[in-house]
Amino acid sequence: MRQPRRSGPQDPAGAPRHPDPQSPRRPPAAPHRLTTVEQVEATLGRPAPMIMLKQIDALDEGCRAVLARCPVAAFGYRDGAGVSRTTFIGGRPGFTRVHSPTRISFTLPGPADPRGPVSFFFLLPGVGEILRVNGTVGARKGAATTVEITEAYVHCAQAVLRSGLWRPRDPAGPPAEAPGEFPGDGPLRGPGVAAFLAAAPFLALSTWDSSGGSDTSPRGDRGAAARILDGRTLVVPDRRGNRRADTLHNLLCDDGLSLAALVPGRGGVLHLRGRGTITDDPDLLATMALRGTPPHLALLIDVEDAEVTANDAVTRARLWAPGAHLGRGKAPDLLAIAGEHLAAGTSRAAGGPPAFLLRALGAVPGLNRLLRLAMDRAYRSGLRKEGYEEVAPAPARAVPSGGGGEVSPARAVRVVEVRRETPSAVTLVLADADGGDGVFDFLPGQFFTLVAEVEGREVRRAYSASSAPGSSRLDVTVKHIEGGRFSGHAHRSLRAGDVLAVRGPSGSFHAGGRPPAEVVLIAAGSGVTPMMSMIRARLAVRTDRCRISLLYSSRGPDEVIFADELARRAADDPDRLSVTQVLTGRDGRLDAAGVRRWVTELAPAADAHYYVCGPQPLTDTVLATLAGLGIADDRVHHERFGGGADPATTATEPRTMAVEADGHPVGTAPVGPGATLLDAGLAAGLPMPYSCTVGACGDCAVRLRAGEVTQDGPNCLTAGQRAAGWALTCVGRPLTDVTVDIAVSLDEDAAAAGDSADA
């Protein structure tokens, strides 16, 4: 923070300047306003010199350790039109890339266009202290934003402790109370806004000063961090802290502000902007007293815009999921980092204790633990004086009983090679990102979900493994799709060294642990990729006396994926592998007659199994043809890929999902506009089953007991399953309040239906 100003720039009427083109302010309301630094400091006092000495002008090793573990950060900026904005960014640990001690970069989704001074605070799940970083936007390239760092410091834990940020509400408990009535129309009457504010104990508040600086400050309170006075006015209590008062000093010279509010256990965020003033009105402060102790000041916010939206970063970070909180020894010690900053500050200040002495003290065995105990005691003492009840950080909550849980955790991988197969297909060769030699175990034919950030948004797509299982390398082959977000990224941008995540394996398109002696494979285009995994795995076992026959349709010779390898393997092992190529540019489209003729001439054994993968029209043709040849359904397997479509219809206001297990309540979760049922349930800590997350495997299927859901498509549900009330939570978004039952899976339901039919 720059040193406190003694006065702020004023316009001729004596009101603060409005440097950005936002709506004009309304006439001042009744509460008394503070307008000078002297008035603020008369109430707060000035920060102790030691507080200011903890501020450094570059990222040291401690700061870099925090950024490497931090999955989400609050970010305040003004866009190209000067409009104030605050949001949460990230979604995975290490989302911020450190280029040098004074330069970082990260990705921003959508139309975000930050300019000039910006500010952050970085959150570590389960940790009270926060790292605050301020800087200025440098170069921008697409969604990638570079920031030049001007200052960094550790913020105390009081905002997190006041709010109970890491204590999500019990998902099995009652929903949050509805907000009370308030007068007047305005932005605070927007869909879901008042209810969200009533439940939000924590927020990030961004302000700007007159000398090219920005600050984003954490605010937390018991219950709601901001209270509604009328349809366009909020009040935020300013309780006692370290007297830095960044926000208050900034508002004296520039009253434009923005904030983003969080509710523990939810994936949505309330974004709000407006203009703020400072009040010491005793009647207003008394309404926010805790056990008889009012805040010393409050912020009055004239709200110009407010909206509740799904937030991809908060959803992906899973801040309140079981095991997400960093335990002792896993999180960087922010108190120790603050001590290092203080030592660096004293080396620059005259008259302070020698830096080497402070560092020597910090190296004393056990001293950091004693300092932590003393600091925790000081936090609790200070909060009790403010009127809070006993407050302490909480460990992550255990998974409630009654259902699934995470089936396939994400695995960080690094691109080892990008291998060109055809003009429209590349193979990504992946290995563990940490340099380890862990193997990829799966059944040949199964797929993995690849997760990457593309233009600031997480994109998830399902691709079959084309390599054999059991290796420390995983091959996935990606065909370029016109307009495809992930496939375009894979073909244009991915390079060796880039890091992705994978989930899986998923899918039932495989031969199981004991594959049949004879398999018949029919594929078109990139549908050959799971077939290639089957071929490579079977032929690698020299004692396997299998018979594999492949009918493979491609547009032309240049589009035959794995052409050379297939030809070589068939020539080297003709008794076990035969390959029949159909080139539609030469032979015409593969139709029912062609499939029937090929299968008849092949004369497979009666117990052969058939595997079909390709575009849906061809798959339908092959399935009908095989049925006409009298081949039993239980010997025919086909792959159905889905996911990747953008939602066509979503609710415009938050909905509630009630989760049951065999009719017994498990919990509830609010679902923000645009959010999926799965993301909302996981954010609330509910035991939602899932695997691929793209609608391809069916592991997340639930029974829809009440309400209406829209689902992205294509997906793996059949028309009959949808009609029977099944929904996929990973691509399902509620249009109304819904009730879902997680007790029965699609496979179990199908087995039960089969047993019933047999009976």
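Residues are termed buried when their relative accessible area is under 20%, exposed when it is over 50%, and partly exposed in between (1.4 Å probe, protein chains only). The structure is a predicted model, in which local features need pLDDT of at least 70 and side-chain atom pairs count only at pLDDT 80 or more, whereas totals for chains, interfaces and linings use all residues. Residues are numbered from 1 along each chain as its sequence is written, and side-chain values use heavy atoms, with hydrogens and water left out.

Helices (H or I, at least four residues) and strands (E, at least two) are DSSP runs, numbered from the N terminus. In strand β2 (residues 72–79), 8 of the 8 residues are buried, so the strand is largely enclosed by the rest of the structure. One side of β2 carries Val 72, Ala 74, Gly 76 and Arg 78, the other Ala 73, Phe 75, Tyr 77 and Asp 79, and both faces are covered.

Strands are taken to pair if DSSP finds at least two bridges between them. An antiparallel pairing over 7 bridges joins β2 to strand β3 (residues 84–90), with Val 72 opposite Gly 90. These two strands form a hairpin with 4 residues between them, and Gly 82 in the turn has a positive phi of about 80 degrees. Strand β6 (residues 114–123) also pairs with β2 in the antiparallel sense, over 7 bridges; Ser 119 of β6 is the bridge partner of Gly 76.
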